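Work through the exercises below with the sequence and the model side by side. Try each task before reading its solution.

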Amino acid sequence: MSRFWSPVVHSLIPYVAGEQPAMSDIAKLNTNENPYGPSPLALEAISKAVSDTLRLYPDPTARGLRAAIAASYGLDKDEVFIGNGSDEVLAHTFQALLNHEEPLLFPDITYSFYPTYCRLYGIEFREVALDARMRVRVADYRQSCGAIILPNPNAPTGIGLPIADIETLVREHPEQVVVIDEAYVDFGGESAIPLVRKYRNLLVVQTFSKSRGLAGLRVGFAVGQRPLIEALERVKDSFNSYPIDRLTLAGAIAAWEDRDWFERHRALVIATRGRLGIALQALGFVVLPSSANFVFARHASKPGADLAAELRSRGVLIRRFSGARISDFLRISIGTDAECDRLLAALDDILR
Ligand SMILES: *Cc1c(COP(=O)(O)O)cnc(C)c1O
């Protein structure tokens with residue numbers, strides 16, 4: 001606390017990111033990074049961009065990357081917005097599109113950055129409870145609201161919602177913006193991007209951090225019809241003209257175009273997830289069905305806090321959240337097979 005703080009700073013509850021430890025020789029399964037990659041073609045493009053041209057500002061409109069993404073979906077580049085990580089895209093979205101008279105709706109168990117943005121921008125929100133099986137029920141969103149945001153698959157449960165349910169939600173709220181945060185969609189979810197043509201109130205957000213193995217580069221994007229994208233551009237150009245630097249632009253375009261790397265490595269993550277889920281069940285865990293690059297699992301008898309601490313002392317980092325229904329769950333990122341084996345060996349030792 002300081003007398004120099006602006007009033008809003010006193011009321012903030014900042015998001016706490018997963019630990020980025022200094023120590024080596026750990027199995028880092030706590031922040032859903034990709035254990036592979038990034039694409040060698042992305043690294044090559046970044047190396048090439050390390051040149052005298054760094055004295056020049058980057059393209060403030062990230063034209064090349066927007067065009068590459070738009071082309072994949074048969075959209076216009078003006079229907080794509082790029083940000084410094086999808087967290088920045090989301091931040092601009094909250095300010096530009098989700099701040100209305102009526103409260104914003106999102107699940108009671110979801111990405112914990114959402115309430116943080118609400119406090120930063122003074123947005124009223126109402127949490128909608130997941131059902132007994134920890135699923136989003138779109139019928140529960142039939143209430144008056146200013147806008148809706150949800151991740152699909154949801155975080156930290158990993159449970160995906162069928163595209164038909166997303167379409168119902170979008171169709172039932174024609175006067176509200178519905179934002180679908182698809183950070184994990186490439187690991188088994190169904191993207192809502194094909195619905196963008198049909199619905200003017202739908203905004204879909206994705207990231208390069210997980211399925212493209214580029215969390216360190218910081219790139220995310222949103223897809224939507226022109227008026228929604230223009231709102232994001234207006235906020236961005238009132239905040240930072242150049243959120244995407246030259247190295248990032250070069251690397252992200254190359255990563256986007258390396259379809260082969262993307263397909264091979266997401267298949268590896270999905271295969272390891274299947275194997276890990278079965279092994280965890282054999283150790284006495286209840287494992288929620290995951291469409292993401294992590295699993296959310298609770299042991300039948302051992303408290304989550306104890307498990308997390310004992311794993312840590314064995315060099316295995318996982319993420320745990322406080323909160324009524326989820327404090328005994330561990331969110332375990334899908335690592336390499338070797339990392340998952342190390343986790344399983346540690347759990348075997350702890351639970352013996
Ligand atoms: C990881 C994540 C993001 C943010 O990713 P960036 O690294 O900022 O692109 C956004 N939403 C959800 C639900 C996430 O899990």
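**Exercise 1. Find what the buried residues of H6 pack against, and decide how these residues are arranged on the helix.**

Solution. Begin with the partners: the buried residues of H6 pack against strand S5 (147-151), strand S6 (177-181) and strand S7 (202-207). Helices (H or I, at least four residues) and strands (E, at least two) are DSSP runs, numbered from the N terminus, and two residues are in contact if their C-beta atoms, placed from the backbone, lie within 7 Å. This is a predicted model, in which local features need pLDDT of at least 70 and side-chain atom pairs count only at pLDDT 80 or more, while totals for chains, interfaces and linings use all residues. Residues are numbered from 1 along each chain as its sequence is written.

Next, name the residues themselves: in helix H6 (residues 163-172), Ile166, Leu169 and Val170 are buried. Viewed down the axis of H6, these buried residues fall within an arc of 95°, so they line one face of the helix; the arc is that of the directions from the helix axis to the C-beta atoms.

**Exercise 2. Describe the place of Thr116 and state whether it is buried, partly exposed or exposed.**

Solution. First locate Thr116, which belongs to helix H5 (residues 113-121). Finally, when neighbours within four places in sequence are left aside, Thr116 is in contact with Ile13, Pro14 and Tyr15.

**Exercise 3. Characterise the side of domain 1 that touches domain 2.**

Solution. Start from the division of the protein into domain 1 (7-37 + 260-351) and domain 2 (44-257), with bounds that come from an automatic or database domain assignment. Their C-alpha centres lie 24 Å apart, and 29 residues of domain 1 are in contact with 23 residues of domain 2. On the domain 1 side, the elements giving two or more residues are helix H9 (259-282) and strand S10 (294-299), and H9 supplies the largest share, five residues. By class, this side divides into 16 nonpolar, nine polar and four charged residues, where Ala, Val, Leu, Ile, Met, Phe, Trp, Tyr, Cys and Pro count as nonpolar, Asp, Glu, Lys and Arg as charged, and the others, Gly among them, as polar.

Conventions:
Buried ≥ 20, exposed ≤ 12 C-beta atoms within 10 Å, placed from the backbone.
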